[in-house]
Amino acid sequence: MTVLAAELSDLRGWSAQVGRAGADCAAASDYLAGHVTDGEFGMILELITVDYERLIPVFTEALATEGARLEATGEGIEAIVRDYAATDARVAQDFGVGAGLRDDSLVGVGFYDVATVLPIRAPSCDTAALPTISFGYLLDKICDLTLWVIGVDPRVYVTRWIAGDIEKAARQASAWEQVSRCLEGVDLNLARGQGAIDQTWTGAAATSAAAYLDQWLTALPRQSTAAAGIAAHLRDMIRGAVDLAQNV
């Protein structure tokens with residue numbers, strides 16, 4: 001026979017924590033959609049454009065779905081709290097043998113987040129500057145004159161045409177890193193809460209909820225690692241583009 005035991009105040013804390021995790025994932029999706037819009041980086045970096053642009057909506061939609069489902073899970077746990085509260089102790093014991101239902105009105109410390117996820121910082125551009133090139137004494141003088149007259153330096157134009165928009169790529173790499181840290185924080189908070197609720201909630205509903213949350217605790221670290229990997233690949237491409245521009 002399954003034992004039913006629940007601390008209602010802990011369940012409320014767990015419900016809120018799961019809901020916050022959903023809101024964090026939804027915010028990460030919106031953040032990614034706002035800062036990683038396309039893969040148009042220019043000459044060299046255009047080699048990754050097609051595959052990269054296919055990846056962006058997949059990741060963004062996955063985070064949005066994740067957020068919606070976690071928020072719904074939090075609401076589901078809150079509904080269980082209401083059902084338990086409406087069930088008197090005698091009927092509760094009919095479901096099993098154990099401590100039954102308790103409510104000390106104090107949320108356990110395990111349901112306070114250990115990682116601050118929101119707000120997510122704006123992406124930064126911390127890439128190396130493009131190299132300064134020379135066309136030779138005479139042509140450099142002409143370039144200087146062009147810069148003075150129309151505000152355009154042909155040397156910079158040529159270098160940027162070769163290397164591409166490395167600043168844009170760097171900001172997007174930074175955005176992926178922010179998303180990676182966000183997902184890592186969500187995972188830490190959920191893992192802490194799951195460990196805490198396991199101490200005070202038992203029964204069929206508890207077992208089912210734990211199995212469902214375990215799926216998120218497996219998926220979130222993988223997603224965090226994937227986002228960090230995308231950022232690392234972008235930074236590798238940026239370094240390659242700058243080096244090639246310098247060689248040219």
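Modeller: A residue counts as buried when its relative accessible area is under 20%, as exposed when that area is over 50%, and as partly exposed in between. Please note also that this is a predicted model.

Colleague: By that cut-off, is Arg235 buried or exposed?

Modeller: The relative accessibility of Arg235 is 16%. Buried means under 20%, so the class of Arg235 is buried.

Colleague: Which residue forms a salt bridge with Arg235?

Modeller: The closest N and O atoms of the pair are 2.9 Å apart, and a salt bridge requires a distance within 4 Å. The partner, which counts as partly exposed at 24% relative accessibility, is Glu177.

Colleague: How many residues apart in sequence are the parts that Arg235 and Glu177 tie together?

Modeller: Arg235 belongs to helix α7 (residues 204-247), while Glu177 belongs to helix α6. The pair therefore ties together parts whose separation in sequence is 58 residues.

Colleague: How many salt bridges does a search of the whole structure find?

Modeller: The bridge between Arg235 and Glu177 is one example, and another joins Asp113 to Arg20. For the whole structure, the search gives a total of four.

Colleague: In the pair of Asp113 and Arg20, how far apart are the closest N and O atoms?

Modeller: Asp113 is partly exposed, with a relative accessible area of 31%, and Arg20 is likewise partly exposed at 31%. The two form a salt bridge, for which the cut-off is 4 Å. Their closest N and O atoms are separated by 2.9 Å.

Colleague: Which residue does Lys168 pair with in a salt bridge, and what is the distance between the closest N and O atoms?

Modeller: Lys168 itself counts as buried, at 18% relative accessibility. Its salt-bridge partner is Asp38, and the closest N and O atoms of the pair are apart by 2.5 Å.

Colleague: What is the sequence separation of the parts tied together by Lys168 and Asp38?

Modeller: Lys168 sits in helix α6 (residues 166-197), and Asp38 in the loop between α1 and α2 (49-85). The parts that the pair ties together are therefore apart in sequence by 130 residues.

Colleague: Are α1 and α6 roughly parallel or roughly antiparallel?

Modeller: The two helices pack with their axes 10 Å apart, at an angle of about 170°. Angles over 145 degrees count as roughly antiparallel. The arrangement of α1 and α6 is therefore roughly antiparallel.

Colleague: How many nonpolar residues has the contact of α1 with α6?

Modeller: Sorted by class, this contact has seven polar and two charged residues. The number of nonpolar residues in the contact is 16.

Colleague: How many helices and strands does the chain have?

Modeller: From the N terminus on, the order of elements is β-α-α-α-β-α-α-α-α. The secondary structure thus comes to seven helices and two strands.

Colleague: What percentage of the residues of the chain count as buried?

Modeller: One buried example is Leu63, at 1% relative accessibility, which lies in helix α2. Another is Ala231 in helix α7, which counts as buried at 0%. Of the 248 residues of the chain, the buried share is 43%.

Colleague: How far apart in space are Ala231 and Trp176, C-alpha to C-alpha?

Modeller: Along the sequence, Ala231 and Trp176 are 55 residues apart. In space, their C-alpha atoms are separated by 5.4 Å.

Colleague: Which element gives the most residues to the lining of the largest cavity?

Modeller: The lining consists of Trp14, Gln194, Ile197, Asp198, Trp201, Ala206, Ala209 and Ala210. Both α6 and α7 supply at least two residues each. The element that gives the most, with three residues, is α7.

Colleague: How much space lies in the largest cavity?

Modeller: The count comes to one cavity of 30 Å³ or more. The lining of the largest cavity divides into six nonpolar residues, one polar and one charged. The space in the largest cavity is about 30 Å³.

Technical notes:
Residues numbered from 1 in each chain as written. Predicted model: local features only at pLDDT ≥ 70, side-chain atom pairs only at ≥ 80, totals over all residues. Heavy atoms only, no water. Salt bridge = Lys/Arg side-chain N within 4 Å of Asp/Glu carboxyl O. Buried < 20%, exposed > 50% of the residue type's maximum accessible area, 1.4 Å probe, protein only. Helix = DSSP H or I, 4+ residues; strand = E, 2+ residues; numbered from the N terminus. Axes fitted to C-alpha atoms, helices over the stretch in contact; angles between N-to-C directions. Parallel < 35°, antiparallel > 145°, perpendicular 65-115°, else oblique. Nonpolar A, V, L, I, M, F, W, Y, C, P; charged D, E, K, R; others polar. 1 Å grid on protein atoms, 1.4 Å probe; cavity = no way out; pocket = protein on both sides within 12 Å on 5 of 7 lines; lining within 4 Å. Points joined across faces, edges and corners; volume = space filled by probe spheres on them.
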